[in-house]
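Hi,

Here is the structure I promised to pass on. My notes on it follow below; have a look at the model first and then read on.

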Amino acid sequence: KNDYSKAITDFQSARRRADMQQLFAQLRGNSAHLFSYDDIRKKLKAVETGRIERREIPLDAIVGSVGRYNDFTHNFLPRLDSDAGRWAGVKTEVLGMTGVPPIEVYQIDQAYFVRDGNHRVSIARQMNLDTIEAYVTKVQTKVPLTPDVSLDDLIIKGEYADFLIETDLKSYFPDAEIEVTAPGRYDRFLEHINLHQYYMGLKLKRDITYKEAVKDWYSSIYLPTVELIKANNLLAGFEGRTVADLYLWMANWHQQLEKRLGWKLDTDSVAEGLRDELKLPELTDSKETYASIEALEASETDENSVKQLFTNVMVAVTGTEAGWLAVEQAIVFAKYEGSKLYGLHGVGPNPDDTRFSNKKKIRRGFLERCKKAGVSAQFAFVRDDVAAAIAERSRWMDMVIAPLSFPPQGASLAKLEGYERLLRQSYRPVLSVPTKNSAVSQFKKPLFAFDGSPSNLVALSVVAYLSKAWQVPFKMIHIIGNNSASSEAFGKAQHYLAIREVEFQSELIVGDVVTTIARQVAEHDYDLIVTGSYAYRRWLVRIMQGVLNELLQVADVPVLVVK
């Protein structure tokens with residue numbers, strides 16, 4: 001009798017805690033209820049196996065009930081005053097000599113649901129026990145389920161189960177995981193698959209089965225995009241989200257970006273540009289770490305050394321004689337590199353402006369030149385500040401090519417305020433095309449001006465790539481005063497090129513930088529100058545940028561400024 005009275009008192013205490021728990025849950029907009037086994041089983045398309053095991057299970061992994069999920073809170077505090085007698089009687093039996101039999105539960109992945117024994121679980125939880133003995137019936141599902149699952153999680157998991165049944169994705173890719181953090185997103189994946197099926201049919205000119213579409217979408221669209229997300233460290237900018245969330249976000253962002261820019265872009269460029277826009281650090285090959293030849297060598301692999309560097313190239317299309325020369329120069333570069341060209345033309349805000357009325361003529365001229373040369377090309381125009389547009393769009397490109405003009409003369413470049421603005425603001429290397437020379441360079445004899453700065457070390461890796469990819473030898477010169485440390489860096493650069501089997505000549509020269517480079521070009525007919533931008537030596541920017549500007553003005557050949 002005393003044990004029963006004590007059990008009633010314990011029940012009343014548990015009931016008060018249950019009311020408080022429900023109140024706090026309502027204030028937070030949450031639910032304090034247990035989950036319904038039947039609801040969860042239907043959502044997850046789970047199937048009972050009929051196989052029963054007797055074993056100890058963790059009490060905190062029990063999250064629901066078959067029939068009494070409204071009678072207890074989520075941690076099995078009693079919610080009904082009328083349950084006092086039954087609850088107290090079971091506790092008396094639990095503490096008595098005979099004890100109680102094991103409970104009966106269903107197991108879905110890592111979570112359990114009580115079939116028989118809800119009061120025994122409630123009492124065990126209030127006694128702070130860790131485990132309880134149970135007869136366990138396994139229930140199979142393709143969707144993972146953990147004890148800490150929330151109501152939104154269950155809705156998402158139910159949608160995931162529907163998605164897996166409709167696509168049969170796990171049959172083709174058993175390790176496939178597409179997990180999202182908000183309801184309603186799996187329907188968007190199904191839309192992507194349906195759209196992919198349609199375009200596959202157009203491309204292959206035949207009917208595509210849904211099975212084919214699912215397999216091809218996952219292997220050729222979804223997985224490569226996930227790899228790009230990881231390689232570009234994009235999840236760092238979306239805390240609490242998954243790669244599947246970001247895949248959908250990127251697809252929408254990609255569509256909006258193309259509409260804004262007027263260009264079609266590949267997913268690689270979108271991912272790299274998004275990383276720059278979010279100011280996220282690269283996981284590998286970060287230019288900021290190239291403080292020495294050794295750091296540059298450590299960052300490279302055989303795979304990186306042969307990877308195409310300049311897939312997408314933007315060229316400023318001014319419509320002037322100098323502008324068309326830059327276009328022809330861009331075509332030569334694109335044919336070497338297999339690049340796509342993206343022409344950008346600036347017009348005034350007034351439709352009556354001459355620049356606006358010439359837009360169609362310039363567009364046609366650009367695309368016809370590219371088509372004749374067999375180069376893939378797109379064209380877009382912007383109004384007003386073309387300098388800002390070039391800088392902004394450069395993040396989606398691999399290189400910028402523009403005609404040089406001091407002072408600016410081309411209408412579309414009129415607001416660059418000197419070419420240094422373009423060099424300073426561009427996210428990518430800039431190929432400057434001189435306006436005083438009507439000849440188009442064929443890039444047969446590059447000259448590399450080495451100075452050992454971080455951006456110049458990046459330029460070293462670029463010129464090594466171009467030399468091997470284009471099969472053109474080049475000359476590397478180092479112009480110094482009496483500086484033995486600088487000479488040592490030059491020796492390391494020579495070693496870097498030699499071990500990569502790059503064909504080059506080298507020379508250490510004492511003299512004025514600009515005069516020496518100009519003399520080398522004139523005496524040896526070099527048709528391309530490659531140098532760094534000095535962007536990572538902040539205390540040298542004002543001094544060295546002046547040298548670079550002077551070089552651009554006196555050079556008779558294109559100058560590739562690597563950032």
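Before anything else, a word on "buried": a residue is buried at under 20% relative accessible area, exposed at over 50%, and partly exposed in between, using a 1.4 Å probe and protein chains only. The helices (H or I, at least four residues) and strands (E, at least two) that I mention are DSSP runs, numbered from the N terminus.

Please keep in mind that this is a predicted model, in which local features need pLDDT of at least 70 and side-chain atom pairs count only at pLDDT 80 or more, while totals for chains, interfaces and linings use all residues. Residues are numbered from 1 along each chain as its sequence is written, and side-chain values use heavy atoms, with hydrogens and water left out.

**Overall**

The chain has 21 helices and 16 strands, and 48% of its 563 residues count as buried. Taking contact to mean heavy atoms within 4.5 Å, residues 24 or more positions apart make up 76% of the chain's contacts with a separation of 6 or more.

Helix 18 is largely enclosed by the rest of the structure, because 14 of its 17 residues are buried. This helix covers residues 454-470 and reaches 24 Å from its first C-alpha to its last, close to the 24 Å expected at 1.5 Å a residue. (The expected span is 1.5 Å times one less than the number of residues.) Just after helix 18, Gln471 takes a positive phi of about 60°.

Helix 16 (residues 386-393) has 6 of its 8 residues buried, so it too is largely enclosed. Its buried residues are Val386, Ala387, Ala389, Ile390, Ala391 and Arg393.

Which of its residues are buried? They are Leu154, Ile156, Lys157, Gly158, Tyr160, Ala161, Phe163, Leu164 and Thr167. The cover over them includes strand 1 (35-36), helix 2, helix 6 (169-172), helix 7 and helix 8.

As background, nonpolar side chains tend to be buried together in soluble globular proteins.

Leaving aside neighbours within four places in sequence, Phe163 is in contact with Asp168, Leu169, Ile178, Tyr186, Phe189, Leu190 and Ile193.

Tyr172 sits in helix 6 and is partly exposed, at 22% relative accessibility. Tyr172 and Lys211 are 39 residues apart in sequence but 9.1 Å apart in space, C-alpha to C-alpha. Not counting residues up to four places away in sequence, Tyr172 touches Thr167, Lys211, Val214 and Lys215.

Arg369 belongs to helix 15 (residues 359-373) and is partly exposed at 30% relative accessibility. Between Arg369 and Ile331 there are 8.4 Å, C-alpha to C-alpha, and the two are 38 residues apart in sequence. With neighbours within four places set aside, Arg369 is in contact with Trp324, Val327, Glu328 and Ile331.

**Positive phi in loops**

Lys45 is not a glycine, yet has a positive phi of about 55°. Lys45 lies in the loop between helix 2 (37-43) and strand 2 (47-58), and its relative accessible area of 36% makes it partly exposed. Glu501 also has a positive phi, near 55°. Where is Glu501 found? In the loop between helix 19 (484-499) and strand 14 (504-510), where Glu501 counts as exposed, at 68% relative accessibility.

Cheers
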